[in-house]
Amino acid sequence: MAALRSPKLLRTEVLAGLVVALALIPEAISFSIIAGVDPRVGLFASFTMAVSISFLGGRPAMISAATGAIALVIAPVMREYGYDYLIATVLLGGLIQIALGLGGFGKLMRFIPRSVMVGFVNALAILIFMAQIPYMVDVPWLVYPMIAVGIAIMIGLPRVTKVVPAPLVAIVALTAFTVVAALTVPNVGDEGELPDSLPALFIPNVPFNLDTLQIIAPYALAMALVGLLESLLTAKLVDDITDTHSNKTRESWGQGASNVITAFFGGMGGCAMIGQTLINVNASGARTRISTFLAGVFLLILVVGFGDVVAIIPMAALVAVMIIVAVGTFDWHSIQPATLRRMPKSETIVMVSTVAVTVATHNLAIGVVVGVLVAMTLFARRVAHLTETRREVVEDRNGVPTAVYHVTGQLFFASSNDLYTQFEYADDPDQVVIDLTQSHIWDASTVASLDAITTKYERKGKTVELVGLNDASAERHLRLSGSLPSH
């Protein structure tokens, strides 16, 4: 409402939506080719996703449309079973996303460490840049100075005025120059045929039975997880950029609902588009749902009503926009020598692992999952080393000696596996006390280790007493002790 009441803010949102729509066209066509479908399928998916998520999503100003990640997941369905099964997969994937969203999937974002987010951002920047390389190879030499001019416009114009988004000026200027000079350079029309009609309601012609479910379910689940992960990470990134909070639960089920709507209009499905979102938020300054809604509307108007005009936009202009986005996305501070010297090695390893896997697989979801696993492993290793066992021998009033072991630290599978080796079974007196006042039992592995220690002492005719257990540890030990296999 604030943007609607302010001409300045509204102009920013409208122009941002137009820039994003122009950038969406070649992307949607490219992703359609990856999925093996007609370009109309990707373009219509981008329209329905953007328009519906502007109402349903939990992160204002974020752009959702057809994406490469989703295209890669569903491409085998199109190749092996055909278009109708692909749409059924998108429909089921959307329903799974709704269920996951309502089940609290968005709350899992708090388990993603900062080092993984830095790696995610850096890998994203690299992938955005790598995606532009095909448009710069085996092309007329005029493409290179055009890209340079586009970059110069986007760097220099904001220093003079921010009334009009610099990316839009670069696109219009380079397109006009191409037309006036009658240059023959690659353009949007070379990427694929643009549609000339509106999307229509579509019901997939597949048998609704268990056999169909067995075919599409694995791909639908993969699509749901990849789409949610990429969308929630993008939402978190925009939260950081804008210093605002978004509703991750609403974003999760909103993505699912948008995919269901997209499927019923014959679209290939999608999720949040990180590059276009950064164009919208960073390069164009948009902050509301208006820009997202208009991006979808402008996309449909451009490809259906002004397809001939859009087709002549030189790819060099869009490549220049994406290069600026890539450079602005990369966290240059994270690779400065001073930062690397100050940062713990484990944090750097997690960041590099995330980047390496993401770039190698071209899949942001796989990179993030690997990064989280590496972070968990290194954290467990670090915490395990904080566990200490100190031994002392005391005597009671009658001079009977007792070996007291003071265990300090968090006891879980990584630390408790070594606990068994830290006792002097042969040299200890007949009475042994294990003081766990300064520790906590977290899992069954620790209970099994304590059982093994007790059993070994009993074989030598010695008694063991556990003392100092807090309530949670005592409850866990009482419930599991004696019921776990010795191996």
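A salt bridge is a side-chain nitrogen of Lys or Arg within 4 Å of a carboxyl oxygen of Asp or Glu. In this predicted model, a search of the whole structure finds 6 salt bridges. The table gives three of them.

| Salt bridge | N to O distance |
|---|---|
| Arg-59 and Asp-239 | 2.6 Å |
| Arg-391 and Asp-428 | 2.8 Å |
| Glu-475 and Arg-479 | 2.9 Å |

The salt bridge of Arg-59 with Asp-239 has its closest N and O atoms 2.6 Å apart. Arg-59 sits in the loop between α3 (39–56) and β1 (64–65), while Asp-239 belongs to helix α9 (residues 210–242), so the pair ties together parts that are 180 residues apart in sequence. Arg-59 has a relative accessible area of 6% and is buried. Asp-239 is also buried, at 8% relative accessibility. Together with Lys-248, Arg-59 and Asp-239 are linked in a network of salt bridges.

Arg-391 and Asp-428 meet through their side chains in a salt bridge of 2.8 Å, N to O. This pair links distant parts of the chain, 37 residues apart: Arg-391 is in strand β3 (residues 388–395), and Asp-428 is in the loop between α18 (413–416) and β5 (431–441). Arg-391 is partly exposed at 32% relative accessibility, whereas Asp-428 is buried at 3%.

Glu-475 has a relative accessible area of 42% and is partly exposed.

Key. Residues are numbered from 1 along each chain as its sequence is written. This is a predicted model: local features need pLDDT of at least 70, side-chain atom pairs count only at pLDDT 80 or more; totals for chains, interfaces and linings use all residues. Side-chain values use heavy atoms; hydrogens and water are left out. Helices (H or I, at least four residues) and strands (E, at least two) are DSSP runs, numbered from the N terminus. Buried means under 20% relative accessible area, exposed over 50%, partly exposed in between (1.4 Å probe, protein chains only).
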